[in-house]
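Please read them alongside the coordinates.

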Amino acid sequence: MLKKFLSLIALILLISFFSIASAAQSVTDKAGALKDTEIELLNQKIHDIEREHKIKIGVAFVKSTGGRDMVQASEDILYQNFANGKNGGIVLLVDMNNRKYEMATDTRMVEQITDMDGIPFLKDKFTSDLSAGDYYGAANNFANGVDELMTYYETNGVAYGQRKPGEIDPMAAGLAVIIAIFLGVMIRSILIGLMSNVHHATAASDYLKKNSVKIFDNHDTFLFMTVKRRPKSSGRSSSGGGHRGGGGGGSF
Amino acid sequence: MADSSVSYKCPNCGAPLSFLPGKKTVTCEYCGTEFEISAIEELFRAKQEIAVQAAEAQESKWAIEDAGSEWSSDEAKALHAFTCSSCGAELVCDENTMATECVYCGNPTMIPKRFDGMLKPDYVIPFKKTKQDAVNALKEFYKGHMLLPSNFTANNRVEAIQPMYVPFWLFDSKITAQAEFRAEKHHIINTPKEVITEISVYNCRRKGKMSFERIPVDGSKKMDDAYMESIEPFDYSDLVEFSAAYFTGYLADKYDVTAEASSARADRRVENSAIEVLQNSVENFDAVQLESAAVKKEVGKVSYAMVPVWILTTRYNDRPYTFMMNGQTGKVVGSLPYDKTKAFLYPALCSLVLMPILYFIISALIY
């Protein structure tokens, strides 16, 4: 009986979750986090940003994803409803029960809002608002952040945090100089070392009678085993379509 | 007065005799007569006995004069005078010189008194390389050293070339060695989420016997140990029974480091090689590390041999540079000077070339 009840709840949650997609509104709130006026204001604002940058933006507040993985869930929303922007699409999904959020970008958007610099920039914009319970502020700042990042890309020709073509990366240049100097010092030591072939002999292998070697005690005893585990670099999992977008998330 | 030294002169024409590299006889370079080594030994035995007595007489005189001289007792002990039997000049050499040549007439000379109170060498490896071989080998040695100052080779003149028989102790040993190693086998399992490495640790015990034959250790304080170890190895197939006749025309020193004092160097080398042999028998492991080892010498035999070495000295910027060549194999060893400007410029040039390459590699790895 309980099993049937839980299955029904899960089905309802799933249906309500996918109803977000069918709504195709920029902002959907299935968790009661926003007032109607706030949703209206946000939709208007996002609509303006979408039009200005020719992109699609989605913001979804849900009570729960019904046990689904946040990455998977956010990508499903993105690719079903917000992936048809000329310059790409981005989705912010907030799970209120589990206090988790996830952003997903499509293949075009990930070039303009990168996982390395763009996503952390957006996180800084709204996570404090989420933690403080200001969900309207969070969604508003998320939209502002996307606007800023897109403006940066359109102005500079490269994504926020990326180098402009021909610009020298100071970190890589510094590292290259340090390694080159180190190799230079090594080469110098080797060249100076080659000026002498006078060395003390440490072994007498030249004088070993090869047929005289008899090894008569040869025991290998197993002592113990240790196991080392190294996680593989976690590439972002994508939905079944084989998307290569980006994104990132966290808790609040 | 009897001579205190003996010149090996040709019984046929009276010219100095020399042992020529690569020959098994003593040859007179002037009249071409060849003598068997045993015949020469027999011929000059009586002369050597007389020379010994004469040297003893001279030494006692030296001691009396020494009482009032300005030499310190240590200096006087180290310096010895003798007369050249060819031209009569008074020559001075150090206490270990067994054979030399007169600086005035170039006559090859033995000092038989120096053979007293010491062991007679068991073997000698005769010189195979000539003076010209040594000069050519040194020129060849200069090649391929990028930092060699340009004017070192341009103005280079070998100041002195001396062929010398250096005393060596040859150590034979049979040993029992045992060692414990910590060895690891690595098994890597790739799963979709992680890389799992299973490391199985083993204790490996090895015990064995082995023999080393004729490990050479020089018995001369004058010769740098590192140089003497660097001119190795020697081809013992040329080793022959010792005869003083091989010394004619060459310098020769007697040992001043005993076999006992030299043995530690041979023991250390035997120990390292024995452990290496045992470690090589620890097979099919991914990592092997020595834990403990013990090497016990069961039989240790020592022989005494004279080994041929060419000593070449040159000078650069008022500093002497000494090179040594194995008189048997022709292997040259030595330390060359380096040009400080080149030592800065070449690596700096490499660094400059590497810098943009490294920059692109690092940039590609970061982004």
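1. Two strands are taken as paired if DSSP finds at least two bridges between them. Helices (H or I, at least four residues) and strands (E, at least two) are DSSP runs, numbered from the N terminus. Strand S5 (residues 214–231) of chain A and S11(B) pair in the antiparallel sense over 16 bridges. Within this pairing, A:Arg229 has B:Ile196 of S11(B) as its bridge partner.

2. On provenance: this is a predicted model, in which local features need pLDDT of at least 70 and side-chain atom pairs count only at pLDDT 80 or more, while totals for chains, interfaces and linings use all residues. Residues are numbered from 1 along each chain as its sequence is written, and chains are lettered from A and ligands numbered from 1 in the order in which they are written.

3. The interface between the chains involves 59 residues of chain B in contact with 53 residues of chain A; contact here means that the C-beta atoms, placed from the backbone, lie within 7 Å. On the side of chain B that touches chain A, at least two residues each come from strand S11 (194–218), helix H5 (225–230), helix H6 (259–280), strand S16 (332–334) and helix H7 (340–366) of chain B. S11(B) gives the largest share of that side, 22 residues. Sorted by class, that side of chain B has 30 nonpolar, 15 polar and 14 charged residues. The classes are nonpolar (Ala, Val, Leu, Ile, Met, Phe, Trp, Tyr, Cys and Pro), charged (Asp, Glu, Lys and Arg) and polar (the others, Gly among them).

4. Chain A has six helices and six strands, in the order α-β-α-β-α-β-β-α-α-α-β-β from the N terminus. Of its 252 residues, 33% are buried; the cut-offs are 20 or more other C-beta atoms within 10 Å for buried, 12 or fewer for exposed, and partly exposed in between, with C-beta atoms placed from the backbone. Among contacts in chain A with a separation of 6 or more, 68% are between residues 24 or more positions apart.

5. How do H2(A) and H5(A) pack? Helix H2 (residues 36–53) and helix H5 (residues 135–156) of chain A meet at an angle of about 5 degrees, with axes 10 Å apart. H2(A) is therefore roughly parallel to H5(A). Axes are lines fitted to C-alpha atoms, for helices over the stretch in contact, and angles run from 0 to 180 degrees between N-to-C directions. Angles under 35 degrees count as roughly parallel, over 145 as roughly antiparallel, 65 to 115 as roughly perpendicular and the rest as oblique.

6. Some backbone geometry deserves a check. Most residues other than glycine have a negative phi, and most peptide bonds are trans. A:Arg99 has a positive phi, near 50 degrees; A:Arg99 lies in the loop between strand S3 (89–95) and strand S4 (100–105) of chain A and is exposed, with 12 other C-beta atoms within 10 Å. B:Asn317 also has phi near 50 degrees. B:Asn317 sits in the loop between strand S14 (287–316) and strand S15 (319–326) of chain B, and counts as exposed with 9 C-beta neighbours inside 10 Å. B:Glu232 and B:Pro233 are joined by a cis peptide bond, omega about 0 degrees; B:Pro233 is in the loop between H5 and strand S12 (240–241) of chain B.

Definitions and conventions:
Contact = placed C-beta atoms within 7 Å.
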